[in-house]
Amino acid sequence: MLLCPGELTCLIFEEGIGLVLHILATLSFMAILPLFILILIAPSSSNAQWPPSPGYWPSSRFRSMSFYQGYRNLWGYSHQRVDPNALTIWLDSTSGSGFKSVKPFRSGYFGASVKLQPGYTAGVITAFYLSNNEAHPGFHDEVDIEFLGTTFGKPYTLQTNVYIRGSGDGRIIGREMKFHLWFDPTKNFHHYAILWSPKEIIFLVDDVPIRRYPRKSAATFPLRPMWVYGSIWDASSWATEEGKYKADYRYQPFVASYTNFKAAGCSAYSPAWCRPVSASPFRSGGLTRQQYRTMRWVQRYHMVYNYCKDYKRDHSLTPECRG
C-alpha cells in the first residue's frame, strides 16, 4: 500500500511508477530478445548433431551370439582375449590380431557392437568386414567397415568400402564413403552392421542406415560367398590423413572391444530357396521413406568423403557413380 499526502499526488506517483516499470520491461525484453532467438534456433542445430529416428531397427530381428558360436581366431592369438560377453583384441609393436566367421555366407546381416580406444591412435585400423580373400587371393571381393585411427583432439573416421573381383588387389579401385560419427565411439559400445543381399549392401550404425550401395550390374557388385572378419592392424602408410601421421608405439597397446555379435542369413551351404534378409520391413529389401530420410540426413551432416564426388578419380572405373 502506497502512502502519499494527497489523492492527486498519489495518482501521479502511481502513474510514474507504472511508466518506469513499462520502460524497464521493454529494455529487459530487448536484452533477452537475442537469447530468445537463439533458443528458437537451437533445436535445428542440435538436430544437425543427432540423426532423426529411422523408424525401424533391423538389429532387433537377429539374435546375438557369443564369439565362439560364430567365430574363431585367425591370427595374433596372443593379442586376443575372449571374455564371457566380449572379445578384446589389441595391436602393439609385435603384432595385431584378427578373427573370422566359422562359415561363409552368400547374403545376410552381420553386426557387432564395438568400442574403440581414445587418445592417439593414428595409423591404426580397427575393422569389421566381409571378404573372400582366402578363397580368391588376388581376385577377391570385400565389404568394409573400418575405423581410421586419429590424433589427439580429432574424431575417428568411419570408412565404408566395397571391392569387387580384385579391385582391392594390385591396382586399387576403392568405393569409399567416409563419415565422422555423431557420437564419441570411444565412450561406449555402438552397433555397426553390414546388410548384404543380392540386390544391395546397406551399412548401419546403431540401426541408422548411413549408406546404400545398390546392385547396378554384376561387374560392380560382390556376388560370391564371403566370410565375416574383424581385425586391428597397422596401416600407417594410408590410414590417417593419407599417411601423414603414423602409429606411435609409445601409446601401445591399441585396444578394440567387440560384443553383441550377429550373423544371420543364407550361408554358402543353405538351400537355394533361402530368402535374403532385409534392412527394412519390406521382405523384398530396400529402405522405408523414413530410413531414406535418415540416411540422407547423415550423409548431409556427417559424410566427409564420397568417392563418386571426387573429381580426381577416374570414374570410368566406377560406372555405378553415373546416374
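The predictor's confidence in each residue is expressed as pLDDT, on a scale from 0 to 100. The structure shown here is a predicted model, in which local features need a pLDDT of at least 70 and side-chain atom pairs count only at pLDDT 80 or more, while totals for chains, interfaces and linings use all residues. Residues are numbered from 1 along each chain as its sequence is written, and side-chain values use heavy atoms, with hydrogens and water left out.

The average pLDDT of the chain is 89, and 85% of the residues score at least 70. Two stretches call for caution. Residues 1-5 have a pLDDT below 50, and beyond near neighbours in sequence this stretch has three contacts in the model, a contact being heavy atoms within 4.5 Å. The pLDDT is also below 50 over residues 32-47, a stretch with one contact beyond near neighbours in sequence.

With that in mind, the overall picture can be drawn. The chain contains three helices and 15 strands; these are DSSP runs numbered from the N terminus, with helices (H or I) of at least four residues and strands (E) of at least two. Among contacts with a separation of 6 or more, 69% are between residues 24 or more positions apart. Of the 323 residues, 49% count as buried, where buried means under 20% relative accessible area, exposed over 50% and partly exposed in between, with a 1.4 Å probe and protein chains only.

Eight strands form an open sheet with antiparallel pairing, in the order β1-β4-β13-β6-β7-β8-β9-β15; two strands pair if DSSP finds at least two bridges between them. At the edges lie β1 (71-75) and β15 (303-306), each of which pairs on one side only. Inside this order, β4 (residues 97-101) pairs with β13 (residues 227-234) in the antiparallel sense over four bridges.

A pair of aromatic rings is described by the distance of the centres and the angle of the planes. Rings of Phe, Tyr and Trp (its six-membered ring) pair if their centres lie within 6.5 Å; planes under 30 degrees apart count as stacked, over 60 as edge-to-face and the rest as tilted. The structure holds 22 such pairs. The ring centres of F99 and F261 are 5.9 Å apart and the planes stand at 90 degrees, so this pair is edge-to-face. F99 lies in β4 and F261 in β14 (residues 254-267), so that the pair links distant parts of the chain, 162 residues apart. Y258 and F261, by contrast, are stacked, at 6.4 Å centre to centre with 5 degrees between the planes. F99 and F261 are both buried, and Y258 is buried too.

Strand β10 (residues 190-196) pairs with β11 in the antiparallel sense over five bridges, and L195 stands opposite I202. The two strands are joined by a hairpin through three residues. Strand β12 (residues 208-214) also runs antiparallel to β11, with six bridges between them, and P209 in β12 is the bridge partner of L204. The hairpin of β11 and β12 has two residues between the strands, and here D206 takes a positive phi near 50 degrees.
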